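Here is a friendly tour of one structure, written for someone who likes to know the cut-offs. Have a look at the sequence and the model first.

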Amino acid sequence: MQTVGRGFAFADLKIGFRFRTHQRTIREADLVAFMNLTGLTEELFSVKREKQLVPGALVYSLAEGLLLPSMQDTGVAFLGATLDVKAPTCVDDTIHVECEVIEARLTSKGDRGLVRCSNKVVSEEGKVVLQYDPLRLLKLK
């Protein structure tokens, strides 16, 4: 029986496969909670401004949260990523993630798969604000 909400397994993901996540609006509470959690109190983020900037690390963290359903119960390990902040992101911006599989291969033992995706975090205006290419270890099925 298939489990509702289970993510993609290696067998589901071929090079060129694409999907997008739901949207999420970044709230001031997200920024404050992130600063308190990380100790990242840089004045650029902690001093009230007309357009309140948020750290790229927060945008990345929210993107990973948006992607979680795609690997729920199938992800084994996060192995690394490149990350490039492309544009500023502010409180009240709404983002989603567009994901494309760019690498998929079996491990040397053949019991799991390695998948690299190109993840683009996109604002409501359609602008890419952050891009990262994580390599993940996934269950076969």
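Which residue takes a positive phi just after helix 1? That residue is G39, with a phi of about 75°.

## About the model

This is a predicted model, where local features need pLDDT of at least 70 and side-chain atom pairs count only at pLDDT 80 or more, while totals for chains, interfaces and linings use all residues. Residues are numbered from 1 along each chain as its sequence is written, and side-chain values use heavy atoms, leaving out hydrogens and water.

Helix 1 spans residues 28–38; helices (H or I, at least four residues) and strands (E, at least two) are DSSP runs, numbered from the N terminus. Its residues D30, L31, F34 and M35 are buried, meaning under 20% relative accessible area, with exposed over 50% and partly exposed in between (1.4 Å probe, protein chains only).

The buried residues of helix 1 pack against strand 2 (24–25), helix 2 (43–46) and helix 3 (56–67), where contact means heavy atoms within 4.5 Å.

The model has four aromatic pairs. Rings of Phe, Tyr and Trp (its six-membered ring) pair if their centres lie within 6.5 Å; planes under 30 degrees apart count as stacked, over 60 as edge-to-face and the rest as tilted.

One of the pairs joins F8 and F17 edge-to-face, at 5.2 Å centre to centre and 75° between the planes. F17 also pairs with F19, this time tilted, at 6.1 Å and 45°. F8 is partly exposed at 27% relative accessible area, and F17 is partly exposed at 28%.

## The cavity

How many cavities of 30 Å³ or more does the structure hold? There is one, and the largest cavity has a volume of about 140 Å³. On a 1 Å grid over the protein atoms alone, a cavity is a set of points where a 1.4 Å probe fits but cannot get out, and lining residues have an atom within 4 Å of a point. Grid points are joined across faces, edges and corners, and the volume is the space filled by probe spheres set on them.

Of the 14 lining residues, L13, F19, S70, C117 and R136 are the closest to the centre. Strand 6 gives the largest share of the lining, three residues.

Terms used. On a 1 Å grid over the protein atoms alone, a cavity is a set of points where a 1.4 Å probe fits but cannot get out, and a pocket is an open set with protein on both sides within 12 Å along at least five of seven lines; lining residues have an atom within 4 Å of a point.
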